[in-house]
Amino acid sequence: MVWTTEELIRVRRALHAMPELALQEYETHRYLLNEISQLNQDWLTIRTVPEVPIAILVRLQGTHPTRTIGYRADMDALPIEEATGLPFSSRHAGVMHACGHDIHMTVGLGILAYFAEQQPKDNLIFFFQPAEEADFGGKRVYDLGVFSGEWRPDEFYGLHDNPQLPTGQIATRPGTLFAGTTEIHVTFTGKGGHAAFPQDSNDAIVAGAAFVSQVQTVVSRNVDPVQGGVVTLGTFQAGTAGNIIAETAHLDGTIRAFTQTNLVKMQQRVRTIAEAIGTMYGVQVDLELIQGGYMPVENDATLAQLMIDYFQSDPAVAFADIAPAMTGEDFGFLLQQFPGVMFWLGVGDPDHPLHHAKMSPNEGALAAGLDAMVGFLNYRMEQ
């Protein structure tokens, strides 16, 4: 049976109230296992991963399998103090499901509940993944060799909620849907001193400011304008007083690009600029560029078109074409290993984007996402 809207809302609100940060999703893990344990177990196998104990995998044996289809839902939340005022707001101070992973898990559980009652033709694997927002949980589990043998999917699917789209609308595209990302962490260390005697110091703030200015040329002068990219520095920490020349300056930021080739090129340019700044201003440079598992989300062209054709043929699905977004998602790593598709699910809160403290998805999207994906999986298993 497909879960009722009331059941979906019950699960979503319970998950929303227990947000946990990456690799700390212990309460969420227990809740999911409890919900899964109440499903029909006849063709269902549950697996956990000792090295990443929060991860949960569930395998459903198909009746006449010709393939194994994977479905992924991420579990973690963000370090944001919730400001929605909802009666089921976060019980954990400073942590919130502001990216909608409570929506993702609920739809995933709903799909699993359906196929626990209606045995699928093909094998299905559900991957409830920790650490999407940080620490690249998908890559962590993949690198352990978990997706091998009967646990290896031939193709992988997943959704991401989108408050800017109308409630229940589905949107995706062949090729790149989301950008790949790289974290920038850089520290410039010079020589501090009295503001009145700059000749005796090496000012880390001046070096940091030069870095901020120069990295703005990476996209404008090194990336094809048609392809685009982003280099954003979001923090700049330096100095203790207005009359003291700062010895150190620390900056954090992000690089984003729609292709892995451009992402690597941009990483190289940022590194070259940082090293040149060090030489020009006589400061030490400690630069860390972290990509981990955050590769571009590149949908398989054939499977994406198959999904689009199905959604467009189903009058119950509100489908829309969409352009790629600079959003980062570690599902991109898994799509580099397995063909598959990620799609947007509209949750209708246009005033509050993803990662906003007041982001409040319309729960009407839950049934729409569940019905659309159950329908597509049944369609796919007949191909």
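This section describes helices, strand pairing, aromatic contacts and loop residues in a predicted model.

Helix 8 spans residues 301-313. The helix has 13 residues and reaches 18 Å from its first C-alpha to its last, close to the 18 Å expected at 1.5 Å a residue. Its N-terminal end is capped by Asp300. A side-chain oxygen of Asp300 lies 3.2 Å from the backbone nitrogen of Thr302. Buried residues in helix 8 are Leu303, Ala304, Leu306, Met307, Ile308, Tyr310 and Phe311. An α-helix has 3.6 residues a turn, so residues three or four places apart point the same way. The cover over the buried residues of helix 8 includes both strands and a helix. Among the strands are strand 5 (155-162), strand 6 (170-172) and strand 13 (297-299). Strand 14 (319-321) and strand 16 (340-346) also contribute. The helix in this cover is helix 10 (364-380).

Helix 3 runs over residues 101-117. Its 17 residues reach 25 Å from first C-alpha to last, close to the 24 Å expected at 1.5 Å a residue. Of these 17 residues, 16 are buried, so helix 3 is largely enclosed by the rest of the structure. The loop between strand 3 (68-74) and helix 3 contains Gly94. Gly94 is partly exposed, with a relative accessible area of 24%. Ile80 is 14 residues from Gly94 in sequence, yet the two are 5.1 Å apart in space, C-alpha to C-alpha. Leaving aside neighbours within four places in sequence, Gly94 is in contact with Leu78, Pro79, Ile80 and Glu81.

Strand 7 (residues 175-189) pairs with several other strands, taken here in turn. With strand 11 (residues 248-257), strand 7 pairs in the antiparallel sense over 10 bridges. Strand 12 (residues 284-290) also runs antiparallel to strand 7, joined by seven bridges. Phe188 has a bridge partner in each of these two strands: Ala249 in strand 11 and Val285 in strand 12. Strand 13 pairs with strand 7 over three bridges, again in the antiparallel sense. Here Gly175 stands opposite Asn299. Strand 15 (residues 325-328) runs parallel to strand 7, and two bridges join them. The bridge partner of Ala179 in strand 15 is Gly328.

Phe147 has a relative accessible area of 4%, and Phe156 has 0%. Phe156 also pairs edge-to-face with Phe331, at 5.9 Å centre to centre and 85 degrees between the planes. Phe156 lies in strand 5 and Phe331 in helix 9 (residues 331-337), so this pair ties together parts that are 175 residues apart in sequence. Phe331 is buried too, at 0% relative accessible area. Ring pairs extend these contacts into a cluster that links Phe127, Tyr142, Phe147, Phe156, Phe331, Phe333 and Phe338. A charge over a ring involves Arg140 and Phe136. The charged end of Arg140 sits over the Phe136 ring, 5.7 Å from its centre.

Most residues other than glycine have a negative phi. Ala131 counts as buried because its relative accessibility is 0%. Asp135 is partly exposed, with a relative accessible area of 33%.

Technical notes:
Residues numbered from 1 in each chain as written. Predicted model: local features only at pLDDT ≥ 70, side-chain atom pairs only at ≥ 80, totals over all residues. Heavy atoms only, no water. Helix = DSSP H or I, 4+ residues; strand = E, 2+ residues; numbered from the N terminus. Expected span 1.5 Å × (residues − 1). Buried < 20%, exposed > 50% of the residue type's maximum accessible area, 1.4 Å probe, protein only. Contact = heavy atoms within 4.5 Å. Polar contact = N/O pair within 3.5 Å; in protein donor to acceptor, adjacent residues only side chain to side chain. Phe/Tyr/Trp six-rings, centres within 6.5 Å; stacked < 30°, edge-to-face > 60°. Lys NZ or Arg CZ within 6 Å of the ring centre and 35° of its normal. Pairing = 2+ DSSP bridges.
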